[in-house]
Amino acid sequence: MTKKIAFQGEPGAFSHAAANNLFPGEEAIGCVTFEETIAAVQSGKADFAVVPVENSLYGRITDVHHLLPESGLFIIGDHFLRVEMTLLGVPGARLVDIKAVQSLSVALGQCRKFITDHGFRTINAVDTAGSAREVAEKADKSVAAIASRFAGEIYGLNVLAANIEDADHNTTRFLVLSRDEKRAPQGGRVKTTFVFRVRNVPAALYKAMGGFATNGVNMTKLESYMVGGAFTATQFYADIEGHPADPNVINAFEELGFFTDYFRILGVYPAADGA
């Protein structure tokens with residue numbers, strides 16, 4: 001039976017490309033917001049969701065950090081997608097025909113040098129995939145879109161220039177979310193993601209982190225953010241290398257428990273290539 005995969009954005013979005021890489025041949029469902037993407041899995045409309053959690057240039061995706069811990073969903077995998085910007089034109093258009101480029105403002109900013117070198121006028125839009133769709137619909141040879149190659153394939157646009165981004169290390173990490181917890185077995189490269197809140201005692205965070213250092217557990221990510229609109233209520237989101245059943249991780253979590261009043265594992269999953 002075909003699986004349904006929810007992602008945020010229009011067909012051809014980078015999230016759609018990530019979903020296609022992870023679940024080739026399955027049915028992708030575009031959602032307007034991250035809330036709708038997560039709700040699609042919660043309700044059973046979709047089997048899985050693929051959502052971005054951080055980008056190498058712009059850091060964490062704040063909405064996902066706030067929504068995921070309260071969603072009741074579990075992380076069952078992650079995926080790294082190299083963000084490659086492509087100049088897309090309508091059939092018959094050539095690079096010399098282009099006078100203006102349309103895309104998301106962030107994407108335009110990531111291709112500033114290419115745009116400046118060619119003297120293009122810029123058109124700000126809501127997203128990259130939507131820009132590709134609109135350029136295809138207007139069929140104006142003087143206007144191109146900056147989007148993924150995947151978007152060009154979907155909307156019948158031609159690649160006029162590839163890899164036009166200024167930085168060649170732009171990468172987005174995506175998470176795969178499921179209603180069911182599917183913990184990876186011990187052995188191999190395993191990543192565990194969890195959230196916690198420290199008790200209101202002096203040096204609580206410092207002491208809580210000590211258990212990971214003394215037990216040789218590598219923490220690859222630690223993010224803090226406020227919860228409930230209160231400056232004093234801080235929640236931490238963390239990734240570690242290792243399985244909760246590993247002896248060193250058991251010891252680290254035990255020590256963490258002495259200094260926290262909330263702790264929840266969000267996922268135990270195989271670490272993707274690039275992690």
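**Close-up views of a predicted model**

**View 1. Alanine 203 in a loop.** Alanine 203 is located in the loop that joins strand 12 (190-198) and helix 8 (204-214); helices (H or I, at least four residues) and strands (E, at least two) are DSSP runs, numbered from the N terminus. Its phi is near 60 degrees, a positive value in a residue other than glycine. With 44% relative accessibility, alanine 203 counts as partly exposed (buried means under 20% relative accessible area, exposed over 50%, partly exposed in between, with a 1.4 Å probe and protein chains only). The model is predicted: local features need pLDDT of at least 70 and side-chain atom pairs count only at pLDDT 80 or more, whereas totals for chains, interfaces and linings use all residues. Residues are numbered from 1 along each chain as its sequence is written, and side-chain values use heavy atoms, with hydrogens and water left out.

**View 2. Asparagine 163 in a loop.** Between strand 10 (158-161) and strand 11 (171-178), the loop contains asparagine 163. This residue is not a glycine, yet has a positive phi of about 50 degrees. Asparagine 163 is partly exposed, at 43% relative accessibility.

**View 3. Salt bridges of arginine 173.** Arginine 173 is buried, at 2% relative accessibility. Its side chain meets that of glutamate 54 in a salt bridge (2.9 Å, N to O); the term denotes a side-chain nitrogen of Lys or Arg within 4 Å of a carboxyl oxygen of Asp or Glu. Glutamate 54 lies in strand 3 (residues 48-55) and arginine 173 in strand 11, so this pair ties together parts 119 residues apart in sequence. Glutamate 54 is partly exposed, with a relative accessible area of 21%. Arginine 173 also forms a salt bridge with aspartate 78, at 3.2 Å between the closest N and O atoms. Aspartate 78 belongs to strand 5 (residues 74-82), so its pairing with arginine 173 of strand 11 ties together parts 95 residues apart in sequence. A salt bridge likewise joins aspartate 239 and arginine 173, whose closest N and O atoms are 2.8 Å apart. Both aspartate 239 and arginine 173 are buried.

**View 4. Helix 2 against helix 3.** The axes of helix 2 (residues 34-43) and helix 3 (residues 62-71) come within 10 Å and cross at roughly 25 degrees; axes are lines fitted to C-alpha atoms, for helices over the stretch in contact, and angles run from 0 to 180 degrees between N-to-C directions. The crossing is right-handed, meaning that the near helix is turned clockwise from the far one by less than a right angle. Phe34, Glu35, Ile38 and Gln42 of helix 2 make the contact with Asp63, Val64, Leu67 and Ser71 of helix 3 (heavy atoms within 4.5 Å).
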